[in-house]
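Thanks for coming. Please look at the model first.

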Amino acid sequence: MARNLIADVDLSAIRHNYCLARAQAAHAHAVAIIKADAYGHGAVRVARALETEADAFGVAAIEEALELREGGITRPILLLEGFFEAEELELICQHQLWTAMHSLEQLALLERFLQQRTDVSGLHVWLKIDSGMHRLGVHPDDVQSALERLQALTAVESVVAMSHFACADEPQRPDTLRQLQQIDRSLSGMNIARSLCNSAGVMHWPQAHHQWLRPGIMLYGASPFAEPQPVAAQLKPGMTLSTEIIAIREVPAGDAVGYGASWIAEVPTRIATLAVGYADGYSRHAPSGTPVWLNGRRAALAGRVSMDMATVDLSLHPEARVGDRVELWGANIPVNEVADYCGTIPYTLLSGLTRRVKRRYTSE
Ligand SMILES: Cc1ncc(COP(=O)(O)O)c(C=O)c1O
């Protein structure tokens, strides 16, 4: 019997979520962020499912873009961090990729490249502004001159000003408003398209929508917010991660389960062993009590997650048998909730799923 740990990816749910993102800003376009193998869902499959709807796709680096082109994706692809070395500019032209530009060094590389390659045309450049997150982006004082230099390049067909919010998922904090003011100052007097919003921006900050959205996590049905949120309530889960019970035993009162003997049975307890562990990407930080879904209701982890297995308390499931399927996250156990138990965010759980997990696609 094969190890039966499966990530079922619902492509129609992802399409629904993309359309929901776009519906938040009727006149905006949206780059579907599918970096990190579409947050663990499979970039080529997700891109194919979105090819009719999506205005463009966003990836972290050229390798991810080339994988999409090899997979037959013809839509625009934006490199969110631009190019890491000058050699990539050839590939950017050859594969008609859009590139972010986050530093004056990248701008100088592009200018030098275009001095040699006078035949190049039709480049799309997204100038990234550091409006306060202090991770990537040109300094606000350099934005106007960088834009002028870009606009002077005849090979550059379009320029978008982009920036990224540090705290858009925390609506009470003033940081996003401060970043918005900085962006307004940096671009004052310039008529240029803007792209500012990740999922949290799309869902909560309409004043920041502008021409281009960049939704990521919401495409996969997870929320960037810690608290319930009206748009989040309309998302559909993009993935159900499930496995099987591979063994059941009676553990006497006082005996412990798993590494570190951290969970001790208070009464005689049936314990199920599941075929899932941290080498699959199911977090070792999921503590005892983390919910799973078994036969139409919840059960809870009992004992530490190990590399290939996890254990569950069957006290409320006398009917459970070896071979029963168990949902680890999906429609019944939101990935956001599992992330809370693990002290992390849904991004790390979804993108951390490893090759060992079989992906199965529904509704192409
Ligand atoms: C530049 C950029 N835009 C958009 C996104 C999408 O963010 P989210 O997944 O929170 O929607 C990311 C993700 O980290 C990003 O780095």
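Met307 sits in the loop that runs between β15 (297-301) and β16 (310-313). This is a predicted model, so please read every value as computed. Met307 has a relative accessible area of 42%, so it is classed as partly exposed. Setting aside neighbours within four places in sequence, Met307 contacts Gly277, Tyr278, Ala279, Asp280 and Arg356.

Why pick out that residue? An unreviewed UniProt entry lists "binding site" at Met307 and at Arg135. The two are spread over 173 residues of sequence, and in space they are spread too, up to 33.8 Å between C-alpha atoms. Of this set, Arg135 is included in the lining of the largest cavity.

Now to Arg135 itself. Its loop lies between β6 (123-128) and α7 (143-151). Is Arg135 buried or exposed? Arg135 is exposed, because its relative accessible area, 54%, is over the 50% cut-off. Its contacts, again leaving out neighbours within four places in sequence, are Lys128, Asp130 and His164.

Last, the cysteines. How many disulfides does the structure hold? The number is zero. For Cys19, the nearest cysteine sulfur belongs to Cys197 and is 18 Å away. A disulfide would need the two sulfur atoms within 2.5 Å, so Cys19 is in none. Cys19 is partly exposed, with 38% relative accessibility. Cys167 is in no disulfide either, and the nearest cysteine sulfur to it, again that of Cys197, is 14 Å away. Cys167 counts as buried, because its relative accessibility of 8% falls under 20%.

Methods. Residues numbered from 1 in each chain as written. Predicted model: local features only at pLDDT ≥ 70, side-chain atom pairs only at ≥ 80, totals over all residues. Heavy atoms only, no water. UniProt positions renumbered as here; feature names shortened; annotations may be inferred. 1 Å grid on protein atoms, 1.4 Å probe; cavity = no way out; pocket = protein on both sides within 12 Å on 5 of 7 lines; lining within 4 Å. Helix = DSSP H or I, 4+ residues; strand = E, 2+ residues; numbered from the N terminus. Buried < 20%, exposed > 50% of the residue type's maximum accessible area, 1.4 Å probe, protein only. Contact = heavy atoms within 4.5 Å.
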